[in-house]
Structures are given as C-alpha cells and as structure tokens.
Amino acid sequence: MKRLGYVFIVLAAFSPAMAAAATNTFPLFTVTPSPGGAQTYSVSLQVLAVMTLLSFLPAALIMMTSFTRIIVVLAILRQGLGTAQTPSNQILLGIALFLTFFVMSPVFTQAYNEGVKPYMNGHISAQTAIENAAKPFKTFMLHQTRESDLALFAKIAHHGKFENPQAVPFSLLVPAFVTSELKTAFQIGFLLLIPFLIIDLVVASVLMSMGMVMLSPMIISLPFKLMLFVLVNGWALVMGTLAASFYH
C-alpha cells in the first residue's frame, strides 16, 4: 500500500505537465509555425540550444581552428630547446590561444557579420544564422585540409563524390582537417628540430673526444641553443611562420 501511495503521488505531481504536453500548451517549450513553412522556437528552446552548443565550444576551438597546429609546434619547439617546463604549459596555451584569435579573426568577423548579427537584428531565422556562420569555418578548414586526407575519410564513410567543396559535411571535414593539421605541425616541428639536433651532435662529439663521458651533453648544449634561438629572433620567426602558414 505504501508503494501504491508513492505511485499516486508521482502521477499527481507530473499530471499537469503531461496534460500540458498533450494539449501542446506547455509555455516554456513551444514551436510556432511561421509564414513560408518556417518554424519559430520559443526563447526557452533557443536558450537551451545555446547552452548546449557552449558545452561543445572547447572541442570546436581545438578541432575547427588553427589551435591544434600552433600548440603542437610550440610543444615540439620547447622539446627541441630542452628547457623542460620553460615556458610552462599555461604560457604555451596562452600563446596558442591568442595566436589562434589572431589567425581566425577574419573568419570570426565574417561569421558574425553574416550569421550572428543578422539573427540578432531579426532579419534571418536561427537555422539560417547557423548555416551562414558555419560557411566561413568550412571555407577555412577546406583550405587547410589535404585532398588525400579528405578522400580517406570519405572512403571510410562510403561517401561518394562531392558536387562542390561546400557540399562536404562537417562529419568528414573535421577529422580530415585535424589529420592535416597534425601532419603540417609535425613537418614544421621537424624543421625546427634540425638546428637543435646539430648542436646536440656537435657538443656530444666534443665531449666524447675530450673523454668527458659522464657529463650530460644537454647541460652544455642548452646555453648554445638558447643563444642561437635568441640571436636569430626565434620567437618572432616561429610566430610569424605559424600565422603565415594558414594564408598562403
């Protein structure tokens, strides 16, 4: 009898909500037909959609922008210098984040002008705003994605040929873009490591010839690598090369 009482209490609590849903009069979540076949969503649904999209913002920032290439190159550079945790992870993330904003500034501006701003002014619907805002990102990603990587994921997904580049779905473009970015980042990192590797080899050979086998070559080579990097204005070269690599 006690369990039956609990059932009645639950039914009594949810009966107003179920009745409102059955009559389509639930005020918080409503969809209103608009002229031309479109649909207008209530403010609560729009807020819910925005909050859901915000949860994917960190993943979108990493996988759909220049952040991946920049942070990987900076990590390889720190490894090549042999400075352990200097610069720290927080500094590298900050540099990569603001350099990403610099590189993606034209894309962000175009997405705002064509998608967000007209929607906020009430000129276009939410669906049209999302499509317009996504076009600049798709164009940017297509310019950085190799055709071989895109063809690979299209083959895995058993997808046919695309009528035009804008017809490529994000489900294929994002993994192809990330794969291309990682490949490009490792290519740049390889070129960065060559001069540091030469210094390590020279220092190790000199120490070996002097019979100083117990002395770590990293301790001796670190000042020379830092001096070389500073003399050639290394940070400016790396930052400039990374920013220019996205717009050939």
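The model is predicted.

**Whole chain, surface view.** Show the surface of the protein. Now turn to the interior: of the 248 residues in the protein, 29% are buried.

**Whole chain, cartoon view.** Switch to cartoon. You will find 10 helices and 2 strands. Trace the chain along its sequence, and the order reads α-β-β-α-α-α-α-α-α-α-α-α. Then consider the contacts between residues at least 6 apart in sequence: 65% of them join residues at least 24 apart.

**Helices H7 and H8.** Select residues 147–156 for H7 and residues 170–209 for H8. Two packed helices are described by the angle between their axes and the distance between the axes. Here the axes come within 9 Å and cross at roughly 140°. H7 is therefore oblique to H8. The cut-off matters at this angle, because roughly antiparallel applies over 145 degrees. The crossing of H7 and H8 is right-handed.

**The contact itself.** Show side chains on both helices. From H7, pick Asp149, Leu150, Phe153 and Ala154. From H8, pick Leu172, Leu173, Pro175, Ala176, Thr179 and Ser180. These residues make the contact between the two helices.

Now colour the selection by residue class. How many residues of the contact of H7 with H8 are nonpolar, polar and charged? The contact divides into 7 nonpolar, 2 polar and 1 charged.

Notes:
Residues numbered from 1 in each chain as written. Predicted model: local features only at pLDDT ≥ 70, side-chain atom pairs only at ≥ 80, totals over all residues. Heavy atoms only, no water. Axes fitted to C-alpha atoms, helices over the stretch in contact; angles between N-to-C directions. Helix = DSSP H or I, 4+ residues; strand = E, 2+ residues; numbered from the N terminus. Parallel < 35°, antiparallel > 145°, perpendicular 65-115°, else oblique. Left-handed = near helix turned anticlockwise from the far one by under 90°. Contact = heavy atoms within 4.5 Å. Nonpolar A, V, L, I, M, F, W, Y, C, P; charged D, E, K, R; others polar. Buried < 20%, exposed > 50% of the residue type's maximum accessible area, 1.4 Å probe, protein only.
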